[in-house]
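Please open the model in your viewer and keep the selection tool at hand.

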Amino acid sequence: MLEVKELRSGYGKGVVLHGIDLKVEERQAVALLGRNGMGKTTLIRSICGLEPPTVTGGTVTLAGEGILGLSNYEIARRGLALVPQGRRVFGTLTVEENLRIGHRPTDGGWDLGKVYELFPRLAERRNQPSGVLSGGEQQMLAIGRALMTNPLVVLMDEPSEGLAPAIRDVVRDTLIALKEDGQTILVAEQNVDLALDVADRLAVIGESGRIEWEGDPAELRNDPVLMNDLVGL
Ligand SMILES: Nc1ncnc2c1ncn2[C@@H]1O[C@H](COP(=O)(O)OP(=O)(O)O)[C@@H](O)[C@H]1O
Ligand SMILES: [Mg+2]
């Protein structure tokens, strides 16, 4: 569904990604791990057509079509939705306005009613400016807003960052539910436990600016030495 090949990207003369190969099959959840600063956000922004960074090589295909070089707007239109790091909801708009902005109705797909069913908390706060929501509620809103576009693939950049454990569990359970519902997901995470719980496959970006390890969550869970090597735990 989403395939990245030999992707090179960076900032000015500083190359961060030196050839990333990564595949997310339809209905699969893939977690992208890597220590802080390894290039998870750079990869996700490159895939979405956001600048900076600047992509200097490679290919990205979504549902069989090349999307590299297209505008972020066009890439979104073709079915890629981003839940950005730090959530970035439009603080002066209400919850409901945020959700409506990108709504692309499909038969049986996500709409306001379904998002409110997924996150009852958002229904309660539908008329409040989203700037007054808690971090957890803003994360729900950012996820809801992405789902409203009825995307082929959702990219999430550290959705559990800065959240209290109870809310982190809500995010985890939501991702698991979405995956079971057939949503294709690529999620960058530093929280390894969450990644292990959610993902069908893991990919780890290392210092080389490449994917240094790929495999099943069970392999990593049962191998503390490998885990320490890859993600420093
Ligand atoms: N806007 C930017 N300009 C210059 N360098 C950047 C910028 N954003 C990130 N970087 C650098 O790129 C590298 C990868 O960062 P990032 O993709 O944010 O990593 P991660 O998301 O894995 O924490 C880091 O060395 C970071 O300092
Ligand atoms: Mg990041």
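What follows is a series of selections, each with a short account of what is there.

Before selecting anything, note that this is a predicted model, in which local features need pLDDT of at least 70 and side-chain atom pairs count only at pLDDT 80 or more, while totals for chains, interfaces and linings use all residues. Residues are numbered from 1 along each chain as its sequence is written, and chains are lettered from A and ligands numbered from 1 in the order in which they are written.

**The whole chain**

Display the chain as a cartoon, and you will find 10 helices and 10 strands, where helices (H or I, at least four residues) and strands (E, at least two) are DSSP runs numbered from the N terminus. The chain is as compact as a globular protein of its length, because its radius of gyration of 17 Å is close to the 17 Å that the globule rule gives for 233 residues; the radius is taken over C-alpha atoms, and the rule is 2.2 Å times the number of residues to the power 0.38. Along the principal axes, the C-alpha atoms fill a box of roughly 45 × 40 × 30 Å.

**Around ligand 1**

Next select ligand 1 together with the residues around it, which are Tyr11, Val16, Gly34, Asn36, Gly37, Met38, Gly39, Lys40, Thr41, Thr42 and Pro52; each has its C-beta atom, placed from the backbone, within 6 Å of the ligand. Which helix gives the most to this shell? Helix 1 (residues 40-48) does, with 3 residues.

**Two cis peptide bonds**

Now move to Pro52, one of the residues around ligand 1, which is found in the loop between helix 1 and strand 4 (54-62). The peptide bond from Glu51 to Pro52 is cis, with omega near -10 degrees, and a cis bond also joins Pro52 and Pro53, with omega about 5 degrees. For comparison, most peptide bonds are trans.

**Two residues with positive phi**

Finally, select Glu6 in strand 1 (residues 2-11), where phi is near 50 degrees, a positive value in a residue other than glycine. Glu158, in the loop between strand 7 (153-157) and helix 7 (165-180), likewise has a positive phi near 50 degrees. Is Glu158 buried or exposed? Glu158 counts as buried because it has 23 C-beta neighbours inside 10 Å, whereas Glu6, with 13, counts as partly exposed (buried means 20 or more other C-beta atoms within 10 Å of the residue's own, exposed 12 or fewer, and partly exposed in between, with C-beta atoms placed from the backbone).
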